[in-house]
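Me: I'd like to learn how to read sheets and disulfides in a model. Could you walk me through one?

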Amino acid sequence: MIQSGTGVAGGIELAALYDTLMRYKPETAEFEPRIAESLEPNGDFTQWTLRLRSGVRFSDGTPFDSSAVVTNLQRHIEKRSRTANLVTPIVDYQTPDDLTVVFTLQFPWSGFPYALASAPGMIVNPKAIETLGDDLATNPVGAGAGPFVFESFRPGEAVVLKRNPDYWGGEVYLDGIRFVHITGGPATYEALSTGDLDAAFLRDAATIARAKRDGVDGYEAVYSAGETMLMNNGVKVTCQGGQPAPACDGQADGVQVATSPPLSDVRLRRAVAAAIDLDVVNERVYGGHAKASSDLIWRDSIWYSGIEGPQYDLDEAKRLVEEVKAEGEWDGTIRVSCHNGNPEWGTAVATLLQIAGFTPQVIDQRDVQQNIADVIVRKDFDLACFGTTISDEEPFFALNRDFNSALSGNAGNYGGYENAEVDRALAEGRAAADSEGKQRAIDTIARAYVEDVPLLVMGASTEFVAFSDDLRGVEPTVGTLVLFDKAWLARG
């Protein structure tokens, strides 16, 4: 299993099939063991000892042991999964016995349990990995230790799971679960409303607002900075054969060099932020239903301390644009990139930038993967629609990925931002043993964000798992992952 494993990307299905080592309990804001029996740190959070429950087996009878855990976590690195950043801090694995794994981290991280409650904590049977090969993703027979086992998969239609009679956690109440794909939030919600579905994953703001107006029960996750405008601060590229030019002209293969896009000038990043009226974007792009805000931390987050983001100021935006243009090295051109999943975003943003004196070139209506490839792989963009998705349960995973200059040019920090004070705050926040220490670090980062504008937060994002009136016993964990092992239907 090397998928991203979030609620929006198959994580709910994967958790039903594989279960998780740890679980986040929103009621207590604590992580608790699941397949794990315990997870304990040393004094400075650089070493963690995982103890597994005795007697747990994969559905084909293979023991669930420490070597399976190590194989899976290392596989995230080898296969470059989208959650590999959760595993890369591990620099050493020790397995003193079949039920124990000792992880040594490259830096102190008090939030490490988050990794084992997320996709890396969904452990696949190594025997299935070996025997099934490329068929594992579509036919994972005997691959999991979760409450359900694989029955069938029809691409674009449905994944069908049935009850695991030998589940380690005891009786599973549902006979099975059928996960179906329905395109679009409105159609998905309609299927829930008519009784065709018992649960529905919703992500678009208008449909979530409708479900709440209708009094639908469910579990909601709100991510700070879930909607962002990513800016190219001068991201580093790795040269190969003199490409990409002109940054790599005359450079040896493998050399990393910083690019020089327009937004490497902090004045233009500030101008972009000042030019964007978030209320206008909310109306034109999200129908007025988005949680529009430029604050790095959403106001309802447990980490919000009142630090406001950059403010809309058209006169200031115009002044900064004219100031940079007058220097004669930039003609006002800026590329605006997005995708067909957010079809109005590019036009709305470009219109506001044009009013401020920019000359925007819109690159949109492509699929999501093309937009991601331009940003992450080719690193060829000026500004792009994106998302930082800072979660309350472990804010430093997302913050470290998008703000830590030590990661520039690698899997994280897609915009190439560099700030030594922010790097120190990230290290202190990751290592903090209490919420006060974490809050100080987050506030330092939030203030630097306002000053440097490495990206522009356009709002928090919401994901909502909506339930029918009959569905009971579903338990949430990290993000919008939900667990169905004790779920049941009230109807006869």
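Predicted model: local features only at pLDDT ≥ 70, side-chain atom pairs only at ≥ 80, totals over all residues.

Me: Okay, in what order do the strands E3, E4, E5 and E6 lie in their sheet?

Reply: First the ground rules: helices (H or I, at least four residues) and strands (E, at least two) are DSSP runs numbered from the N terminus, and two strands pair if DSSP finds at least two bridges between them. Here the order is E3-E4-E6-E5, an open sheet with antiparallel pairing. E3 (36-41) and E5 (90-97) are the edge strands, each pairing on one side only. Inside, E4 (residues 47-52) and E6 (residues 100-105) share five bridges; Gln 47, for instance, has Thr 104 in E6 as its bridge partner.

Me: Which strands does helix H2 touch?

Reply: Contact means heavy atoms within 4.5 Å. Axes are lines fitted to C-alpha atoms, for helices over the stretch in contact, and angles run from 0 to 180 degrees between N-to-C directions. H2 (residues 66-78) packs on this sheet against E4, E5 and E6, its direction making about 165° with that of E5.

Me: And what about E7, E8 and E9?

Reply: They form an open, antiparallel sheet in the order E7-E8-E9. E7 (148-154) and E9 (176-180) each have a single partner strand, so one side of each lacks a neighbour in the sheet. E7 pairs with E8 (residues 158-163) over six bridges, and Val 149 has Lys 162 in E8 as its bridge partner. Helix H1 (residues 11-18) packs on the sheet, touching E7, E8 and E9, at about 135° to the direction of E7.

Me: How many disulfides does a search of the whole structure find?

Reply: A disulfide is a covalent bond between the sulfur atoms of two cysteines; the test here is a pair of cysteine sulfur atoms within 2.5 Å. The search finds two. Cys 239 bonds to Cys 248 with S to S at 2.0 Å, and the torsion about that bond is about -85°, so the link is left-handed. In the other, the sulfurs of Cys 338 and Cys 385 are 2.1 Å apart, and 105° about the S-S bond makes the link right-handed. That pair links distant parts of the chain, 47 residues apart, with Cys 385 in strand E17 (residues 383-386).

Me: Is Cys 385 buried or exposed?

Reply: Buried means under 20% relative accessible area, exposed over 50%, and partly exposed in between (1.4 Å probe, protein chains only). Cys 385 has 5%, so it's buried, and Cys 338 is buried at 0%.

Note on methods
Residues numbered from 1 in each chain as written. Heavy atoms only, no water.
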